Amino acid sequence: MNPVHLETLLVILEEGSFEVAAAVLGITPSAVSQRIKALEQKTGRILLHRSTPVTATEAGEILLQSARRMALLQAETDARLQARLARVPLTVAVNSDSLATWFKQVVRDVAKRGEVALRIRIEDEARSLAMLHRGDVLGAITREHAPVSGCESTYLGSLRYFAVAAPNLAEGFESWETMPLVGYGPNDQILDDAMRERFIDSHVIRARVSQIPSSEGYLDAVRYGLGWGLVSELQARPLIDAGELKVLDDKPMDIDLYWQRWRLESEMLEHLTETVIAASSVLRQVGAGRAQDS
């Protein structure tokens with residue numbers, strides 16, 4: 001039995017008129033008549049008394065019961081689905097340094113909104129695009145400006161990194177290959193780039209590399225003197241100003257960050273995007289300050 005035809009039958013009997021039913025359904029009265037004729041042909045019965053108001057025949061009443069059960073089931077399904085969708089998490093990929101600094105404001109804003117479950121996947125900003133490609137996440141902080149197919153890309157700002165060490169370690173600095181090093185993990189693209197720029201052979205220093213897979217833990221390890229590390233300016237600046245960290249050279253590394261998100265009509269995803277862009281304003285402000293100083 002065609003559910004559209006049953007729905008039409010139900011609306012006609014609820015409204016008492018083919019014309020009003022047509023207005024409710026958003027179709028023409030002729031289309032309403034065609035649906036009822038098709039239903040009557042399918043059942044081989046006259047289903048409606050064409051009176052004012054329209055009433056059901058005995059056969060029509062039997063189908064009316066089925067139509068009401070179907071409508072109730074649909075309403076309950078919609079209600080469950082709506083409740084479920086309200087709890088669907090927004091899964092995003094964020095690099096650890098952003099999560100430890102400016103992205104905290106995003107978490108605060110999402111918490112205030114109270115309607116969204118936020119699931120964050122920690123991933124290096126050079127590798128997060130693969131998660132977008134696979135559909136594992138709806139949005140990602142990335143170094144790539146070219147949008148993934150089906151996605152939009154927005155420039156967020158630049159995150160600057162310094163090669164720093166604790167004062168006692170910095171004072172004895174002679175060469176990069178004799179200095180102990182703190183790494184984030186095996187996929188630390190930024191540190192790999194910094195080592196390449198400084199001509200550091202990873203095989204030579206392998207035995208002197210510690211790994212701390214946490215942005216806050218990484219910062220503490222460098223501050224305590226476990227080794228030198230590449231620390232974001234947002235984390236390092238207060239410690240540099242306080243004399244707890246020393247900059248080892250004049251080669252800061254600037255990493256442009258972009259927000260890529262799936263091109264979906266979603267109020268929740270749109271609000272998250274607005275929140276990410278607003279929170280990242282600190283990156284653009286710091287960058288503007290550096291430009292003025294230079």
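**Reading the terms in a predicted model**

User: Why is the contact of the side chains of Glu-152 and Arg-263 called a salt bridge?

Analyst: The nitrogen and oxygen of this pair, Glu-152 and Arg-263, are 3.8 Å apart. A salt bridge requires a side-chain nitrogen of Lys or Arg within 4 Å of a carboxyl oxygen of Asp or Glu, so the pair qualifies. The structure is a predicted model, in which local features need pLDDT of at least 70 and side-chain atom pairs count only at pLDDT 80 or more, while totals for chains, interfaces and linings use all residues. Residues are numbered from 1 along each chain as its sequence is written, and side-chain values use heavy atoms, with hydrogens and water left out.

User: What makes helix 1 and helix 3 roughly perpendicular to each other?

Analyst: Helix 1 (residues 3–15) packs against helix 3 (residues 29–43) at about 115 degrees, with the axes 9 Å apart. Axes are lines fitted to C-alpha atoms over the stretch in contact, and angles run from 0 to 180 degrees between N-to-C directions. Angles under 35 degrees are roughly parallel, over 145 roughly antiparallel, 65 to 115 roughly perpendicular and the rest oblique. Helix 1 and helix 3 are therefore roughly perpendicular.

User: Which residues make the contact of helix 1 with helix 3?

Analyst: Val-4, His-5, Leu-6, Thr-8, Leu-9 and Ile-12 of helix 1 touch Val-32, Arg-35, Ile-36, Ala-38 and Leu-39 of helix 3, where contact means heavy atoms within 4.5 Å. By class, eight are nonpolar, two polar and one charged.

User: How do you know whether helix 2 is roughly perpendicular or oblique to helix 3?

Analyst: Helix 2 (residues 18–25) meets helix 3 at about 105 degrees, with axes 8 Å apart. Helix 2 is therefore roughly perpendicular to helix 3. Phe-18, Glu-19, Ala-21, Ala-22 and Leu-25 of helix 2 touch Pro-29, Val-32, Ser-33, Arg-35 and Ile-36 of helix 3.

User: Why is helix 1 called oblique to helix 2?

Analyst: Their axes come within 8 Å and cross at roughly 120 degrees. That angle makes helix 1 oblique to helix 2. Glu-7, Thr-8, Val-11, Ile-12 and Glu-15 of helix 1 form the contact with Phe-18, Val-20, Ala-21, Val-24 and Leu-25 of helix 2.

User: What is the omega of the peptide bond from Thr-52 to Pro-53, and where does Pro-53 lie?

Analyst: Omega is near -5 degrees, and the bond is cis. Pro-53 sits in the loop between strand 1 (48–49) and strand 2 (55–56).

Definitions and conventions. Helix = DSSP H or I, 4+ residues; strand = E, 2+ residues; numbered from the N terminus. Nonpolar A, V, L, I, M, F, W, Y, C, P; charged D, E, K, R; others polar.
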